[in-house]
Amino acid sequence: MALSLVTLFLLSIMVFLGGQVLPGNVGRAILGPFADQRAVDALNHSLGVDRPLLTQYWSWISNFIQGDMGTSYIFRSPVAPFVIDALGNSMKLAAVAFVLVVPIGILGGVIAALNLNRPLDRIISLGGLSVTVLPEFVTGIILILIFGVWLRWLPISAAWPRDAGFFTQLYYLILPSLPLFLVLFGYIARMARSGMIEALDSDYTRTAVLKGLPWPTVIWRHVLRNALLPTITVIATQTGYLIGGLVVIETLFRYQGIGSLIFTAARGKDFPVLEAGILTIGIVYAVATLAADFLYSVLNPRIRLGTDQ
Amino acid sequence: MSATDSSAGIPAPAPNDTNRRGPLAEVFFSLLRSGTFLTGLAIVMFWVACALFGEHFAPYDPLADDIINALAPPSAEHWFGTDQIGRDVFSRVIVGSRDILTVAPLATLLATIAGTALGLFTGYFRGIVDDVISRILEAFMAIPVVIVALLAIVALGTSKTTVIVVIGLSFAPIIARTVRSAVLAERELDYVAAAQLRHESALHTMFVEILPNVIPPILVETTVRLGYAIFAVATLSFMGFGIQPPSPDWGLSISSNYGMIGGGFWWTVLFDALAIASLVIGVNLAADGVHGAFND
């Protein structure tokens, strides 16, 4: 917990430095090189960027914690509603990807481990590894070509019609979630596979077999329970990568999520939106990591909460 | 956030000098026997050759437009068709490896140098220096590289140098973590104690005594990072924050053409996508081979 807070604090400093110090003269950047110096000064003053850095950081972060994420340079309106809407959309996309990838990834890993070193294992392991290393926009483009352009099964944009119901939205989200699925599948399957191999090789599994339990019971009650613990941690740590992937996927599929919000803000040098978006992602990541630690300790009584590592 | 990771399993070469040639030569020969490594190397070398000599065997000038023949599908004349301003896609794909194969390796090199130095310092000194730096690096690793890079590039302005520096520095913490955990194991060994007893300076102990013994995990991590660097550069270029026009770079080409794939102009993006895929897989196969060679 304390560690996550320290990490978030450092992240906020980096975001602050990146967004408010590195760009130099914000007013000049917005108004362009030919604007009158007095106009630049006035804008800087009204944006508050002519104050000392420490004051700026403090007012930025204390407002952020209270839900005031500042004012967008471009839209001239509060940032928070944009971020909240976008985060909601991204959560939908991430949820679809997760709901697909977690069971299938675990199943893939389990099947690979049960067929260790046989062709099926090779296909799952190598295939999973190959798609994991590919940039999301590359798999995204290939999937769009296959399912959207050639087969015409799925829409190539995630922008669903107005008032679309749950299933229509789901239909529009399948193709965008597939590249994320592919990236995560390899990681999850690999972790599940190695966890399974270790559990299958353990003394308790041998004991369970030797005392005459049927094989499915051994797998279900003894192997899986122990094998899937590390996988849970991996799934949570992948949240960060998932969000990184969202920036690309949402741009590719024109989806109004936190990724495309960050992308648009970056394009337009809209630093308040950019900073709020990135810090929000950091918070999501920290929460996911905490949740994983908590879940892990619930599922594994050998680990006690509070003792570091 | 455990500090132990894959590198912990990598055996360091024997510290006595007489044996040092042995293990390295063995690694070299096991690389030559590794099908994974050789396949990966062949793919990478193919693209390196294209980057170096592509201009000479590309049928057209990759930058020359020909509006009349714009968006022509693949044919005998244009094997991969032409893009929206009539540039030959085949020629562009061949020459398109050049920028990514300059930027990504340089970024990896920077990451390796910075990460090794950081890892040596934090692993060797431990204590408060280690705690402070490790926390900062952890915070750095808590957000995806692409987003860190985005923030920095927007703040600093886009150029090849910025991309190299930003990706290099984003990857440095990851390499530092690997080096640190290797150094933590090494510094307990007698040869380090001997160096300290001889009153060698800390710098000497770190860079002359310890560094040669942690080369294997560094090499493995570097090859793995190269794959990620290509991933990151391609992604940034696709988003318009990496390599800039008019370069025939693959990610950039996809970004300027994918808006039209709804119209069925698949050839303007497919070959670039496959080129990136092959390069990334090639580098990862080679990295896997290097990893295997050091671990067997």
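Which side chains meet in a salt bridge at 2.8 Å, N to O? The legends below start with that pair; the model is predicted.

**View 1. The salt bridge of B:Asp99 and B:Lys160.** The side chains of B:Asp99 and B:Lys160 form a salt bridge, 2.8 Å from N to O. B:Asp99 belongs to helix 4 (residues 97-125) of chain B and B:Lys160 to helix 7 (residues 160-186) of chain B, so the pair ties together parts that are 61 residues apart in sequence. B:Asp99 is buried, at 12% relative accessibility, whereas B:Lys160 is partly exposed, at 42%.

**View 2. The salt bridge of B:Glu209 and B:Arg198.** In this pair the N to O distance is 3.0 Å. B:Glu209 sits in helix 9 (residues 202-210) of chain B, and B:Arg198 in the loop between helix 8 (190-197) and helix 9 of chain B; the two residues are 11 apart and link distant parts of the chain. B:Glu209 has a relative accessibility of 17% and counts as buried. B:Arg198, with a relative accessible area of 46%, is partly exposed.

**View 3. Further salt bridges of chain B.** Salt bridges with shared partners join B:Asp83, B:Arg87 and B:Arg92 into one network. Elsewhere, B:Arg187 and B:Glu188 meet through their side chains in a salt bridge of 3.6 Å, N to O. B:Arg187 is buried, at 17% relative accessibility. Over all chains, the whole structure has 12 salt bridges.

**View 4. The interface of chain B and chain A.** The contact involves 41 residues from chain B and 49 residues from chain A. Together the chains bury about 4,000 Å², and 82% of this area is on carbon and sulfur atoms. The interface has 0 salt bridges, while 3 residue pairs are in polar contact, counted with both residues at pLDDT 80 or more. On the side of chain B that touches chain A, at least two residues come from each of helix 5 (127-141), helix 6 (145-156), helix 10 (215-238), helix 11 (250-257) and helix 12 (267-295) of chain B. Helix 12 of chain B supplies the largest share, 9 residues. By class, this side of chain B has 31 nonpolar, 8 polar and 2 charged residues.

**View 5. Helix 10 of chain A.** This helix, residues 215-227 of chain A, has 13 residues. Its end C-alpha atoms are only 16 Å apart, short of the 18 Å that a straight helix would reach at 1.5 Å a residue. The buried residues of helix 10 of chain A are A:Val218, A:Ile219, A:Val223, A:Leu224 and A:Ala227. An α-helix has 3.6 residues a turn, so residues three or four places apart point the same way.

Technical notes
Residues are numbered from 1 along each chain as its sequence is written. Chains are lettered from A and ligands numbered from 1 in the order in which they are written. This is a predicted model: local features need pLDDT of at least 70, side-chain atom pairs count only at pLDDT 80 or more; totals for chains, interfaces and linings use all residues. Side-chain values use heavy atoms; hydrogens and water are left out. Contact means heavy atoms within 4.5 Å. Buried area is the accessible area (1.4 Å probe) that two parts lose on being put together, summed over both. A salt bridge is a side-chain nitrogen of Lys or Arg within 4 Å of a carboxyl oxygen of Asp or Glu. A polar contact is a pair of N or O atoms within 3.5 Å; within protein, one must be able to donate a hydrogen and the other to accept it, and residues adjacent in sequence count only if both atoms are side-chain atoms. Helices (H or I, at least four residues) and strands (E, at least two) are DSSP runs, numbered from the N terminus. Ala, Val, Leu, Ile, Met, Phe, Trp, Tyr, Cys and Pro count as nonpolar, Asp, Glu, Lys and Arg as charged, and the others, Gly among them, as polar. The expected span of a helix is 1.5 Å times one less than its number of residues. Buried means under 20% relative accessible area, exposed over 50%, partly exposed in between (1.4 Å probe, protein chains only).
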